[in-house]
Amino acid sequence: MKKIIIASLAVSLAGPVMAQSAAEKTGVNSLMGTAPKTEDFVLEAATSDMFEIESSKLALERGDAATKTFAQQMVTDHQKTSSELKALISAGKVQAQLPSAMTSAQQDMLDKLKGLQGDDFLKQYHSDQEAAHEDAVDLFKRYGEGGDNAELKAWAASTRPALEHHLQMAEELNK
């Protein structure tokens with residue numbers, strides 16, 4: 001009986017810890033406006049940068065003039081934020097692991113883009129950029145307002161205005 005009580009207690013205490021990552025992954029934290037855990041924020045910010053850079057490199061090859069201008073800014077700006085995030089981790093100011101690849105959903109989006117040309121490519125790229133930047137603005141807003149690492153929280157808050165500008169630019173491309 002004692003083992004059952006101990007096991008039940010361990011499971012009940014582990015649940016909220018596991019739920020935090022699950023809540024971020026399922027979008028529950030976003031719906032509630034709750035800040036993600038530091039590890040989740042780093043994962044999402046880094047993989048978002050990876051997708052932005054790779055999809056925008058593709059747009060530099062296949063886009064019209066307006067799209068290429070936007071794509072070049074995405075490559076430049078997201079390489080900068082990737083470097084800044086890596087520096088925070090390398091300096092030991094943030095305890096988190098950087099991912100080595102984008103998420104499978106992001107890879108699927110990139111693979112879909114690779115199969116498109118012309119107007120189909122432009123429409124999908126523009127749509128992907130608007131959706132990705134809506135997610136990024138939300139992520140950086142939540143962490144910047146309620147994150148648990150002071151250095152990363154300040155970085156998220158200072159980076160958010162650029163992401164908001166990217167979102168406005170993406171919305172303009174979709175008009």
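**Aromatic pairs in a helical chain**

Guide: Buried residues (under 20% relative accessible area with a 1.4 Å probe, protein chains only; over 50% is exposed and in between is partly exposed) make up 40% of the 175 residues in the chain. This is a predicted model, in which local features need pLDDT of at least 70 and side-chain atom pairs count only at pLDDT 80 or more, whereas totals for chains, interfaces and linings use all residues. Residues are numbered from 1 along each chain as its sequence is written, and side-chain values use heavy atoms, with hydrogens and water left out.

Visitor: What makes Phe41 and Phe140 an edge-to-face aromatic pair?

Guide: Rings of Phe, Tyr and Trp (its six-membered ring) pair if their centres lie within 6.5 Å; planes under 30 degrees apart are stacked, over 60 edge-to-face, and the rest tilted. The centres of Phe41 and Phe140 are 4.9 Å apart and their planes stand at 65°, so the pair is edge-to-face.

Visitor: How do you know that this pair links distant parts of the chain?

Guide: Phe41 belongs to helix α3 (residues 38-62) and Phe140 to helix α6 (residues 118-146), 99 residues apart. Helices here are DSSP runs (H or I, at least four residues), numbered from the N terminus. Both Phe41 and Phe140 are buried.

Visitor: Why is the pair of Phe140 and Trp155 called tilted?

Guide: The ring centres of Phe140 and Trp155 are 5.5 Å apart and the planes meet at 55°, so the pair is tilted. Trp155 lies in helix α7 (residues 150-173) and Phe140 in helix α6, so the pair ties together parts 15 residues apart in sequence.

Visitor: Which residues form one aromatic cluster?

Guide: Phe41, Phe140, Tyr143 and Trp155 do.

Definitions and conventions:
Helices (H or I, at least four residues) and strands (E, at least two) are DSSP runs, numbered from the N terminus.
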